[in-house]
Amino acid sequence: METVLDDAETVGRWQIDMRRGVVIADPIVALLFGFTPEFGAAGIPFETFNGGVHPDDRAHVMEHILGCAEAGGWFIAEHRVCSADGRIRRILARGTFDPDATGTVVAGRGIVMDITQGDTCDDPLVASRRAQATLPLEHVVDLVLASYRTLKDLGEPKALALTETLLMELGFSLARAQVQARLAQLH
């Protein structure tokens with residue numbers, strides 16, 4: 001388990017079914033939030049999943065995420081989680097909640113990257129945009145996530161591996177953008 005979580009080349013993926021109130025998490029996301037991969041694949045109740053966010057970060061982070069879940073929109077969150085290996089880790093999460101034709105948000109999806117290495121900050125940092133146009137990089141992430149799901153359904157392993165590499169690099173780009181935004185707030 002620790003080896004899987006300590007792999008710096010890993011990006012986890014999640015999706016939420018708002019109607020059922022469950023988060024479907026790949027093994028990386030499940031382990032980062034303190035759950036087994038089997039529980040993640042079966043669907044973790046939303047409130048239970050949120051319990052994986054560090055208690056000191058939970059209220060602030062969930063305020064933004066729940067706002068996006070209700071109205072639609074995207075979020076980027078850098079915060080701590082209590083992982084399955086017993087360590088407190090820092091993650092960078094990016095997600096989006098899209099309303100259907102009636103304006104009701106029925107699903108969400110996103111990625112998570114462990115950025116624990118070298119990070120000593122304990123304060124959560126969250127940016128969100130509710131029911132507004134996405135930023136260009138956010139739009140690219142959405143398109144690549146959609147491509148990833150299609151390639152997975154088609155059984156295209158080489159293209160899938162390349163898409164995973166692109167998602168990882170986009171995660172790094174999002175992290176750099178977060179750092180730049182944090183530095184801009186300080187000045």
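1. Arg94 and its contacts. Beyond its neighbours within four places in sequence, Arg94 touches Trp14, Trp74, Phe75, Ile76, Arg109, Gly110, Ile111, Glu138, Val141, Asp142 and Leu174. The residue belongs to strand β5, which spans residues 88–99. Is Arg94 buried or exposed? Its relative accessible area is 1%, under the 20% cut-off, so Arg94 counts as buried. The model is a predicted one, and the contacts listed here are computed from it.

2. Overall make-up. The protein has seven helices and seven strands. Read from the N terminus, the order of elements is α-β-β-α-α-β-α-α-β-β-β-β-α-α. There are 187 residues in the protein, and 45% of them count as buried. Among contacts with a separation of 6 or more, 60% are between residues 24 or more positions apart. The accessible surface is about 9500 Å², and carbon and sulfur atoms make up 58% of that area.

3. Helix α5. This helix covers residues 55–71, 17 residues in total. From its first C-alpha to its last it reaches 25 Å, close to the 24 Å expected at 1.5 Å a residue. Where is the kink in α5 centred? It is centred on Val61, with an angle of about 35°. Val61 is also one of the buried residues of the helix, together with Asp57, Met62, His64, Ile65, Gly67, Cys68 and Ala69. An α-helix has 3.6 residues a turn, so residues three or four places apart point the same way. Just after α5 comes Gly72, with a positive phi of about 90°.

4. The cavity. How many cavities of 30 Å³ or more does a search of the whole structure find? The search finds one. The volume of the largest cavity is about 160 Å³. Its lining consists of 15 residues, with Trp14, Phe33, Phe49, Ile65 and Phe75 the closest to its centre. At least two lining residues each come from β1 (11–17), α4 (46–50), α5, β4 (73–82) and β5. Helix α4 gives the largest share, three residues.

5. The largest pocket. Its volume is about 360 Å³. The pocket has 15 lining residues, and those nearest its centre are Arg13, Trp14, Gln15, Asp26 and Lys152. Which elements each supply at least two residues of the pocket lining? They are β1, β2 (22–25), α3 (37–42), β6 (105–114) and α6 (136–154). The largest share, four residues, is from α6. Strand β1 supplies at least two residues to the lining of the pocket, as it does to that of the cavity.

6. Arg87. This arginine sits in the loop between β4 and β5. Its relative accessibility is 29%, between the 20% and 50% cut-offs, so Arg87 is classed as partly exposed. Arg94, by comparison, is buried at 1%. Along the chain, Arg87 and Gly34 are 53 residues apart, and their C-alpha atoms are separated by 9.3 Å.

Terms used: Residues are numbered from 1 along each chain as its sequence is written. This is a predicted model: local features need pLDDT of at least 70, side-chain atom pairs count only at pLDDT 80 or more; totals for chains, interfaces and linings use all residues. Side-chain values use heavy atoms; hydrogens and water are left out. The expected span of a helix is 1.5 Å times one less than its number of residues. The bend at a residue is the angle between axes fitted to the seven residues ending there and the seven starting there. Buried means under 20% relative accessible area, exposed over 50%, partly exposed in between (1.4 Å probe, protein chains only). Contact means heavy atoms within 4.5 Å. Accessible areas come from the Shrake-Rupley method with a 1.4 Å probe; for residues, only the protein chains shown count as cover. On a 1 Å grid over the protein atoms alone, a cavity is a set of points where a 1.4 Å probe fits but cannot get out, and a pocket is an open set with protein on both sides within 12 Å along at least five of seven lines; lining residues have an atom within 4 Å of a point. Grid points are joined across faces, edges and corners, and a volume is the space filled by probe spheres set on the points.
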